[in-house]
Amino acid sequence: DPRRLRATAMWRPLSATAGPPDVAWELTLSAQTALEQSDAVLRVVSDVGCIDLRSRTADGRWSIVPPGGQPPDDATCLLVRRPAAAAAPPATLLVAVHPANARRVAVRRTDGRAEISCWLFSTAIEKGVLVRGRVLAAVGPTDGDETWAGRAVEALASSPPPLTA
């Protein structure tokens with residue numbers, strides 16, 4: 001693109017824990033530019049079935065995002081309650097951005113689906129500089145989802161930056 005931005009994405013499964021979430025992945029996203037200076041903003045998009053949507057603000061409170069509404073400006077994650085599938089019970093999907101990388105989280109809902117956009121990197125980067133960010137996706141039961149999702153978000157926020165050890 002005109003920013004001469006090079007983005008690299010690496011998904012990795014997270015190790016299982018005792019209790020929900022049932023499965024989780026982390027996306028590590030890197031960006032760098034060949035220009036002297038460039039805008040590094042990137043968007044990670046998730047498209048999922050949705051019957052209920054909740055956001056979590058910086059103070060740890062969950063709130064309903066009404067149809068047609070947007071999460072608060074300081075939201076860094078969303079809980080998407082999904083409808084039951086053929087032989088599976090309803091499930092909840094957590095999409096969370098590491099708070100240090102989040103620019104904003106936005107949502108667009110149409111026909112029982114939610115398109116979640118996680119905007120990352122709010123600063124410009126210079127040639128030779130590499131920025132990294134993380135997005136977490138986790139699936140677990142709808143019962144108690146705010147509790148297990150809160151633990152997952154706090155673990156993401158307190159974990160060391162990627163590729164530092």
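Mentor: Start with the side chains of strand β8. Ala-91, Leu-93, Val-95 and Val-97 point one way from β8. Thr-92, Leu-94 and Ala-96 point the other way. Both sets are buried. Bear in mind that this is a predicted model. The strand covers residues 91-97, and seven of its seven residues are buried, so β8 is largely enclosed by the rest of the structure. Buried here means under 20% relative accessible area.

Which strands does β8 pair with? One is β7, in the antiparallel sense, over six bridges. In that pairing, Arg-82 has Ala-91 of β8 as its bridge partner. Another is strand β12, residues 131-141. β8 and β12 also pair in the antiparallel sense, over seven bridges. There, Val-95 has Ala-137 of β12 as its bridge partner.

Now follow β7 to its charges. Side chains of opposite charge can pair when their charged atoms come close. Arg-81 and Asp-145 do this: their side chains meet in a salt bridge, 2.6 Å from N to O. Arg-81 sits in strand β7 (residues 77-82) and Asp-145 in helix α1, 64 residues apart, and the pair links distant parts of the chain. Are these two buried or exposed? Asp-145 is buried, and Arg-81 is buried as well. The pair belongs to a network: salt bridges with shared partners join Asp-52, Arg-54, Arg-81, Asp-145 and Glu-146.

The side chains of Arg-56 and Glu-154 meet at 2.8 Å, N to O. Arg-56 lies in strand β5 (residues 52-56) and Glu-154 in helix α1 (residues 145-158), so this pair ties together parts that are 98 residues apart in sequence. Their surroundings can be read from the accessibilities. Arg-56 has a relative accessible area of 11% and is buried. Glu-154 has 47% and is partly exposed.

Glu-154 has another contact, through its backbone. Its backbone oxygen lies 3.0 Å from a polar atom of the side chain of Ser-158. Ser-158 is also in helix α1. With a relative accessible area of 59%, Ser-158 is exposed, because the cut-off for that class is over 50%. For a sense of scale along the chain, take Ser-158 and Thr-147. They are 11 residues apart in sequence and 17 Å apart in space, C-alpha to C-alpha.

Trp-25 belongs to strand β2. At 33% relative accessibility, Trp-25 counts as partly exposed.

Strand β2 also carries a charged pair. The side chains of Glu-26 and Arg-12 meet in a salt bridge, 2.9 Å from N to O. Glu-26 lies in strand β2 (residues 23-33) and Arg-12 in strand β1 (residues 5-13), so the pair ties together parts that are 14 residues apart in sequence. Glu-26 is buried, at 4% relative accessibility. Arg-12 is partly exposed, at 38%. Over the model, the count comes to 11 salt bridges.

A probe the size of a water molecule, rolled over the atoms, shows where empty space is left. The second largest pocket holds about 210 Å³ of space. Of its 16 lining residues, Thr-57, Ala-58, Asp-74, Thr-76 and Pro-99 are the closest to its centre. β9 and α1 each supply at least two residues of the lining.

That brings in β9, and with it an open sheet. Three strands form that sheet, in the order β4-β10-β9, with antiparallel pairing. Which strands stand at the edges? They are β4 (42-49) and β9 (102-110), each with a single partner strand, so one side of each is left without a neighbour in the sheet. From one strand to the next, the twist averages 15 degrees. β4 and strand β10 (residues 113-120) pair over eight bridges, in the antiparallel sense. Within that pairing, Val-45 stands opposite Ser-117 of β10.

Back to the starting point. β8 is largely enclosed. Its partners include β7 and β12.

Technical notes:
Residues numbered from 1 in each chain as written. Predicted model: local features only at pLDDT ≥ 70, side-chain atom pairs only at ≥ 80, totals over all residues. Heavy atoms only, no water. Salt bridge = Lys/Arg side-chain N within 4 Å of Asp/Glu carboxyl O. Helix = DSSP H or I, 4+ residues; strand = E, 2+ residues; numbered from the N terminus. Buried < 20%, exposed > 50% of the residue type's maximum accessible area, 1.4 Å probe, protein only. Pairing = 2+ DSSP bridges. Axes fitted to C-alpha atoms, helices over the stretch in contact; angles between N-to-C directions. Polar contact = N/O pair within 3.5 Å; in protein donor to acceptor, adjacent residues only side chain to side chain. 1 Å grid on protein atoms, 1.4 Å probe; cavity = no way out; pocket = protein on both sides within 12 Å on 5 of 7 lines; lining within 4 Å. Points joined across faces, edges and corners; volume = space filled by probe spheres on them.
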